[in-house]
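The stops below are given in the order in which to select them.

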Amino acid sequence: MATASDQLAPVVRPLWSHNCTFEELVVPFPVPETAEGLDTGVGWTRRWTARWLTGKGEVIAPVRDLAAFEWPRSRPARAFTWRPDQRHRPGLAFISATGRLHGFESLAERRVLLALDFEGGLTEVLSQPFTLRFTTRTRAVRHTPDYLVLTRGTALLIDVRPADLIKQEDSLKFAAAHRAAAAAGWQYIVVAGWQLRPWAAIEAFSARRRAMSDPLGLLPELLTLTAQQPRRLAELVAATSRPVLARAYVLHLLWSRRLTMDVALPLGDGSWIHRPRRG
């Protein structure tokens, strides 16, 4: 069901699934570079700290050393809880790039993990990576970001909060996390919602994201057919030797980016399926 945090964006240009990025799938919250009252005077990167948990206990370091922490030692900074009366839905989600399960505390966070897995290119995902302790002019505040995503050559710090639930205190924490991430040379984003049309298609692709065997040789059939010319989905699967089974393989090839479609448009029998142009 759509929420106030999800948007049906107008189609302004094609959004090809094979090079669709995480940032193109989300509706970000506009985080200010600073916030009134934050203590960002001289030496703030020494006063603000990050608390990590490891198998041997906790490690507390100033924000100026945030990027120097040894990632494999990290454990979630706070425990995931399951109770019969809780309103959010925590769980574990598999990411193919890491080959293991990662924790989430809500369905919105689960979406983040799925979108990251679809984009690919990541080397590590840390759930609840550390607790940031920052100061304002009057008090100390703590905030635990939701994810730290490591990619080749950079990192992305992520908070997840539906737009209709963001309060003034959250904005203060997000501004502080933004400052801390910038000090470490990382990017930062608050996921406040999702672009509905692209997300609907990618969630459909994800049903076939795991590796698939191909005893009937449908994959080369589909790749050959789309190499000749783009085809509508119904026409494409009908042209194969096993149309019913071919639909599942099309979704798998769309997930793995060996086929592509414009996910700014709804997925259906009339969707044009292409071979991606490389280079």
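Buried means under 20% relative accessible area, exposed means over 50%, and partly exposed lies in between (1.4 Å probe, protein chains only). This is a predicted model, in which local features need pLDDT of at least 70 and side-chain atom pairs count only at pLDDT 80 or more, while totals for chains, interfaces and linings use all residues. Residues are numbered from 1 along each chain as its sequence is written, and side-chain values use heavy atoms, with hydrogens and water left out.

Helices (H or I, at least four residues) and strands (E, at least two) are DSSP runs, numbered from the N terminus.

**Stop 1: helix α3.** Select residues 107-119. Which residues of α3 are buried? They are Glu109, Arg111, Val112, Leu113, Leu114, Ala115, Leu116, Asp117 and Phe118. Just after the helix, Gly120 has a positive phi of about 75°.

**Stop 2: the cores.** A nonpolar core is a set of buried Ala, Val, Leu, Ile, Met, Phe, Trp, Tyr and Cys residues joined through side-chain atoms within 4.5 Å. The largest has 47 residues, and Val112 and Tyr147 are among those with the most contacts inside it. Select Tyr147 and show its contacts (heavy atoms within 4.5 Å): leaving aside residues up to four places away in sequence, Tyr147 touches residues including Glu109, Val112 and Leu113. Another core, of 32 residues, lies apart from the largest one and includes Trp48, Ala50, Ala155 and Ala184.

**Stop 3: the sheet.** An open sheet of 4 strands runs in the order β3-β2-β7-β8, with antiparallel pairing (two strands pair if DSSP finds at least two bridges between them). At its edges are β3 (57-62) and β8 (140-143), each pairing on one side only. Now select β2 (residues 49-54) and β7 (residues 131-135), which are joined by 3 bridges. Thr49 has Arg133 in β7 as its bridge partner.

**Stop 4: Thr131.** This residue lies in β7. Is Thr131 buried or exposed? Thr131 counts as buried because its relative accessibility is 12%. Its side chain makes a polar contact of 2.9 Å with that of Thr144. Such a contact is a pair of N or O atoms within 3.5 Å; within protein, one must be able to donate a hydrogen and the other to accept it, and residues adjacent in sequence count only if both atoms are side-chain atoms.

Technical notes. The expected span of a helix is 1.5 Å times one less than its number of residues.
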